[in-house]
Amino acid sequence: MITPATPKSWYLPSKPHKFCPGCGHGITLKALGEVIDELEIQDKTIFGCDIGCSLLSWDFFACDSTQTHHGRTTPVMVGIKRARPELITIGYMGDGGGYSIGSQHLLNSAVRNEKVTLILVNNTNYGMTGGQMAPTTLPGQKTETTPYGRDPELTGYPTKGPEFLAELTSDGAYIARGTVAKYKQLKRFIKNALLNQIEGNGFSFVEVLSTCPTNWRTNAQQTWHFLEEEMEKEFPVGELKSPLGKGDK
Amino acid sequence: MQKVISETKKAFMTGNETAAWAALAAGAEVMYGYPITPQNEIMHYWTRLAPKYDRKFLQTEDELSAGFTTSGAVQAGVKAFTATAGPGNVLMQEPFGMAEAMRLPLLAIIQQRGGPSSGTVIYSQQEVTLTTYGGNGEGHRIVYSTATHQELYDYIIKGFNTAWKYRFPTFVLGDGYQAKMREPLEIYDPEERGIEMVKTYPLIGREGHIGENREPQHLCNIYSLEEELYDVVMKTSAEYEKISPEIVEYDENLCQDADVLIVTHGVVSRAADDAVKALRAQGIKASYFRPITLRPFPAKQLREAIAKSGAKKMLIAESAYGQLDRLTKQEIYGETIVIDHLFMPGVGIVDHDIITKVKSML
Ligand SMILES: Cc1ncc(C[n+]2csc(CCOP(=O)(O)OP(=O)(O)O)c2C)c(N)n1
Ligand code: SF4
Ligand SMILES: [Mg+2]
């Protein structure tokens with residue numbers, strides 16, 4: 001029997017994982033696991049997760065891991081990295097954790113060019129708490145707290161994280177937006193974000209466009225359509241900033 | 001690590017300067033902090049001294065971040081501390097709560113200022129409740145309340161050891177007077193005095209190869225089931241109660257035979273000490289009891305002081321509106337001694353205030 005290859009850095013006792021069927025978290029963490037293997041950093045990686053559906057990854061990797069409060073993953077990773085620069089710190093969070101309750105940490109760690117890698121899953125809502133509006137909710141999108149659709153007059157337009165971080169950061173920063181719809185590209189961005197930390201250049205950030213069929217209340221086809229059409233229109237995919245730009249990527 | 005103080009030195013300095021020297025002498029490697037009066041100069045001295053001894057500092061974006069970065073450093077096995085006051089102490093209750101839950105050995109120096117809200121930047125004893133029982137937990141913390149600069153120095157050194165030995169978040173509770181006042185003290189290298197500094201160790205970021213000679217560490221503070229959390233909290237509570245007798249500290253004077261027992265903590269106990277002496281000189285049998293650890297509280301020792309002194313009355317005096325009073329009453333529940341109080345929230349108390357109050361009680 002052929003089974004799909006499992007990254008060596010995955011922690012098998014916690015598999016199968018607990019994300020809903022069709023959720024993009026699993027794809028993102030698969031890409032991350034493969035990158036950890038390829039870069040051979042499992043022993044010195046500290047994986048930190050937020051509260052949100054990212055929490056379900058608290059024992060996902062066979063890497064030393066820590067879990068903190070909603071929005072506070074960034075400062076915990078910063079504190080570890082500054083205290084022990086030889087460690088590779090990966091903060092994993094949702095769009096609510098990163099862009100709303102923890103936005104001051106994201107913004108200021110970017111400005112300080114903290115040498116941490118942050119991966120933020122954009123699923124356009126608060127998944128874990130049952131589908132409320134997130135900073136990334138699209139105009140017109142229905143959520144539990146925008147039952148008639150998000151009205152930008154009342155609640156503004158979606159947060160463009162990578163765009164504002166690219167503006168804020170200095171030269172050593174790596175900023176990208178990938179999508180679980182383009183796996184190879186996403187994996188390349190995550191790898192670059194970690195290489196950037198390993199090389200000691202600076203702050204590294206990847207936003208991942210992801211799926212949440214449970215709260216979107218979509219079937220497989222609708223889920224994929226929303227991700228590839230609606231989300232990508234609002235949130236263009238690509239590398240916004242990279243100090244690694246010299247050679248092949 | 002480079003020695004900071006080779007031989008014992010007499011010094012005349014502020015409490016904030018004292019705190020920075022104590023942290024250096026204790027071998028703290030990292031301070032993360034955010035400016036707030038009256039704590040600022042701890043950071044100012046640290047940022048001047050730290051680079052000379054290869055220690056680190058980060059001014060974070062706020063106190064949430066200062067607390068959480070500190071929690072990260074200690075998880076990675078590095079001796080780290082922070083300092084704050086007032087509204088900053090309020091924000092830091094979030095990371096302090098996490099430190100309680102995850103048994104993180106962080107040390108925080110609190111220089112109390114007036115409250116509620118922004119209050120004053122000057123002085124108070126109004127952060128007792130917050131520092132001992134803040135957060136959505138059970139107060140599994142260790143809190144030393146200091147009265148002199150010498151104690152600030154001694155208990156900061158001791159505090160790092162308590163934190164790392166027992167793995168409970170540890171607090172040194174000072175105040176704005178102690179922070180800003182200058183007074184003489186001795187600064188020393190702890191090892192020279194035979195104080196062994198407890199070795200730090202990483203909870204994550206450990207040596208070795210995962211899957212070969214070690215398992216991955218997965219730390220967490222949230223649970224799926226009520227029973228899981230219950231087990232964790234009950235285990236922590238049992239451990240806290242078991243170690244409490246080793247940690248409890250107090251000070252007393254003239255408790256052998258007294259009519260009135262004066263209970264104070266921190267800098268106010270200096271006024272109480274003077275008041276007791278003056279009252280005795282006037283033939284009034286006053287005595288003095290002071291908890292040095294507010295958590296865990298020296299309840300047994302205070303009950304003994306009540307019994308052996310034969311005092312019929314107790315006076316609780318504090319620069320707050322009843323925070324020490326509530327703490328004390330919950331700890332000595334069942335005692336029948338009559339308790340009176342002198343509450344002066346946010347202002348200093350001198351011996352005269354206590355003497356007048358005691359006389360009015362007799
Ligand atoms: C201080 C605090 N406020 C609120 C919550 C409740 N809460 C848990 S997860 C969450 C939102 C998660 O959304 P997001 O960060 O987008 O992650 P997702 O679940 O979508 O992956 C909230 C508000 C909390 N845990 N802590
Ligand atoms: S609620 Fe949404 S984000 Fe959370 S696990 Fe389910 S599909 Fe994924
Ligand atoms: Mg989300």
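User: What should I know before I start?
Analyst: The model is predicted, with local features needing pLDDT of at least 70 and side-chain atom pairs counting only at pLDDT 80 or more, while totals for chains, interfaces and linings use all residues. Residues are numbered from 1 along each chain as its sequence is written, chains are lettered from A and ligands numbered from 1 in the order in which they are written, and side-chain values use heavy atoms, with hydrogens and water left out.

User: Which residues are around ligand 2?
Analyst: First the rule: a residue is near a molecule if one of its heavy atoms lies within 4 Å of it. Around ligand 2 you find A:Phe19, A:Cys20, A:Cys23, A:His25, A:Cys53, A:Asn123, A:Cys212, A:Pro213, A:Thr214 and A:Asn215.

User: Which helix gives the most to that shell?
Analyst: Helices (H or I, at least four residues) and strands (E, at least two) are DSSP runs, numbered from the N terminus. Helix H8 (residues 213–216) of chain A gives the most, with three residues.

User: How do the residues of the shell divide by class?
Analyst: Ala, Val, Leu, Ile, Met, Phe, Trp, Tyr, Cys and Pro count as nonpolar, Asp, Glu, Lys and Arg as charged, and the others, Gly among them, as polar. The shell around ligand 2 has six nonpolar, four polar and no charged residues.

User: What volume does the largest pocket have?
Analyst: Rolling a probe the size of a water molecule over the atoms shows where empty space is left. A pocket is found on a 1 Å grid over the protein atoms alone: it is an open set of points where a 1.4 Å probe fits, with protein on both sides within 12 Å along at least five of seven lines, and lining residues have an atom within 4 Å of a point. Points are joined across faces, edges and corners, and a volume is the space filled by probe spheres set on them. The largest pocket has about 460 Å³. Its lining has 19 residues; B:Gly97, B:Ala101, B:Asn136, B:Gly137 and B:Leu229 lie nearest the centre. Helix H4 (86–102) and helix H8 (226–247) of chain B are the elements that give two or more residues to this lining. By class, the lining of the largest pocket has eight nonpolar, nine polar and two charged residues.

User: Where is the centre of the second largest pocket?
Analyst: The second largest pocket holds about 390 Å³. Of its 20 lining residues, B:Met1, B:Ala26, B:Gly27, B:Lys79 and B:Met197 are closest to the centre. This lining has nine nonpolar, three polar and eight charged residues.

User: In what order do the seven strands of the open sheet run?
Analyst: Two strands pair if DSSP finds at least two bridges between them. In chain B the order is E3-E2-E4-E5-E7-E6-E12, with mixed pairing. Strand E3 (56–59) and strand E12 (293–295) are the edges, each pairing on one side only. Inside the sheet, E6 (residues 142–145) and E7 (residues 170–175) run parallel, joined by four bridges. One pair to find is B:Ile142 with B:Thr170 in E7.

User: Which side chains meet in a salt bridge between chains?
Analyst: A:Arg72 sits in the loop between strand E2 (64–67) and helix H2 (73–83) of chain A, and B:Glu94 in helix H4 of chain B.

User: Which peptide bond to B:Pro38 is cis?
Analyst: The bond from B:Thr37 to B:Pro38, with omega near 10 degrees. B:Pro38 is in the loop between strand E2 (30–33) and helix H2 (40–49) of chain B.
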